[in-house]
Amino acid sequence: MCGACVIEAVKQRMLSRRDVLKAAPLAAAAPAAALSFAHAAEAPRHVVDLTHTVSPEFPTYDGGPAYTVDKRFNFAEHGINAHFVTINEHAGTHLDAPFHFSADGATVDEIPIDKLVCPLAVIDIREKAAADPDASVTPDDIAAWTAAHGPLPDGACVALFSGWADRVESDGFRNADEAGVQHYPGFHAETAAMLLAEGAVAGLASDTLSIDIGASRTFDTHYLWLPAGRWGLEAVAGLDQLPAAGATLIAGAPKRKGGTGGPTRALALV
């Protein structure tokens with residue numbers, strides 16, 4: 001079947017079964033006491049921080065500030081330090097909830113916590129990304145990973161590792177051309193459609209600003225992935241410190257009522 005046909009079939013399935021798809025991956029969460037690190041290949045030896053340190057100047061998709069700060073209290077005058085912060089939900093290392101690209105998907109507070117602790121499959125496309133900033137994770141890349149490491153684990157997060165995190169302190173992270181079009185890797189829509197059809201994967205992660213390629217104007221991957229009840233994790237750091245398989249992701253998404261997503265402390269147990 002052609003890639004476009006697969007994408008269209010998935011879209012139609014989403015439209016006709018929106019409630020089912022929304023409910024399936026986001027079923028009622030298990031009690032906290034029942035959570036374990038059973039997904040990990042072995043007891044973790046150390047923890048890797050997958051989170052960038054964010055500042056007001058951190059690069060964002062729209063080019064605006066990541067957040068603004070009102071320093072209302074300081075220790076010298078008030079005996080305490082306390083700030084009031086206005087933040088872009090999609091700044092820094094952050095999670096996209098299903099609601100971000102759908103009319104009625106789960107908001108960030110509605111994602112069950114057991115969906116945010118999961119096996120991590122790291123897809124290394126650094127060589128392709130170095131040659132072409134508009135490179136994407138394709139079904140062939142997934143096939144190569146499974147040939148080397150076996151099937152994607154149930155409930156896994158598939159992470160795009162392009163090496164883009166090394167650019168975060170420069171304009172090269174947004175990599176906008178003279179027309180303002182950004183150029184960085186993402187997931188091909190055919191890959192999202194394939195992963196949805198197979199049903200095992202809960203989340204996509206990228207070390208760039210988007211799970212779509214930066215040059216996308218139709219956001220096909222977002223519109224396929226998020227309305228199907230899945231989540232995305234963007235602007236991830238530290239993937240160079242992880243094995244291709246065997247790590248466990250903890251995505252500490254905010255529990256803010258009605259949120260479309262939010263800054264996330266992402267950790268990997270290795």
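This is a predicted model: local features need pLDDT of at least 70, side-chain atom pairs count only at pLDDT 80 or more; totals for chains, interfaces and linings use all residues.
Student: Why is D124 called partly exposed?

Tutor: D124 has a relative accessibility of 42%, and by definition a residue is buried under 20% relative accessible area, exposed over 50%, and partly exposed in between, with a 1.4 Å probe and protein chains only. Residues are numbered from 1 along each chain as its sequence is written, and side-chain values use heavy atoms, with hydrogens and water left out.

Student: What makes the meeting of R126 and D124 a salt bridge?

Tutor: A salt bridge needs a side-chain nitrogen of Lys or Arg within 4 Å of a carboxyl oxygen of Asp or Glu. Between the side chains of R126 and D124 the N to O distance is 2.6 Å, and because this is within 4 Å, the pair meets the definition. R126 is also partly exposed, with a relative accessible area of 40%. As a general point, side chains of opposite charge can pair when their charged atoms come close.

Student: How many salt bridges does the structure hold?

Tutor: The structure holds five, and one of them joins the side chains of E89 and R256, with 2.1 Å from N to O. This pair links distant parts of the chain, since E89 is in the loop between β3 (82–87) and β4 (94–96), R256 is in the loop between β11 and β12 (261–263), and the two are 167 residues apart. The names of these elements come from DSSP runs numbered from the N terminus, where a helix is H or I with at least four residues and a strand is E with at least two.

Student: How do you know whether E89 is buried or exposed?

Tutor: The relative accessibility of E89 is 19%, which is under 20%, so E89 counts as buried.

Student: What makes D141 and K128 a pair that links distant parts of the chain?

Tutor: Their side chains meet in a salt bridge of 2.7 Å, N to O. D141 belongs to helix α5 (residues 139–149) and K128 to helix α4 (residues 126–131), 13 residues apart. At 18% relative accessibility D141 counts as buried, whereas K128, at 32%, is partly exposed.

Student: Why is E127 called exposed?

Tutor: E127, which lies in helix α4, has a relative accessibility of 72%, and because this is over 50%, E127 counts as exposed. The C-alpha atoms of E127 and S162 are 7.9 Å apart in space, although the two residues are 35 apart in sequence.

Student: Why is L224 called buried?

Tutor: The relative accessible area of L224 is 0%, which is under 20%, so L224 is buried. This residue lies in helix α7, and its C-alpha atom is 6.9 Å from that of A193, 31 residues away along the chain. A193 is itself among the buried residues of helix α6 (residues 189–198), which also include A192 and L195.

Student: How do you know how confident the predictor is in the protein?

Tutor: The guide is pLDDT, the predictor's confidence in each residue, from 0 to 100. The mean pLDDT of the protein is 89, and 84% of its residues reach 70 or more. Over residues 15–41, however, the pLDDT is below 50, and this stretch has 39 contacts in the model beyond near neighbours in sequence, a contact meaning heavy atoms within 4.5 Å.

Student: What share of the residues count as buried?

Tutor: Of the 270 residues of the protein, 46% count as buried, and the protein has seven helices and 13 strands.
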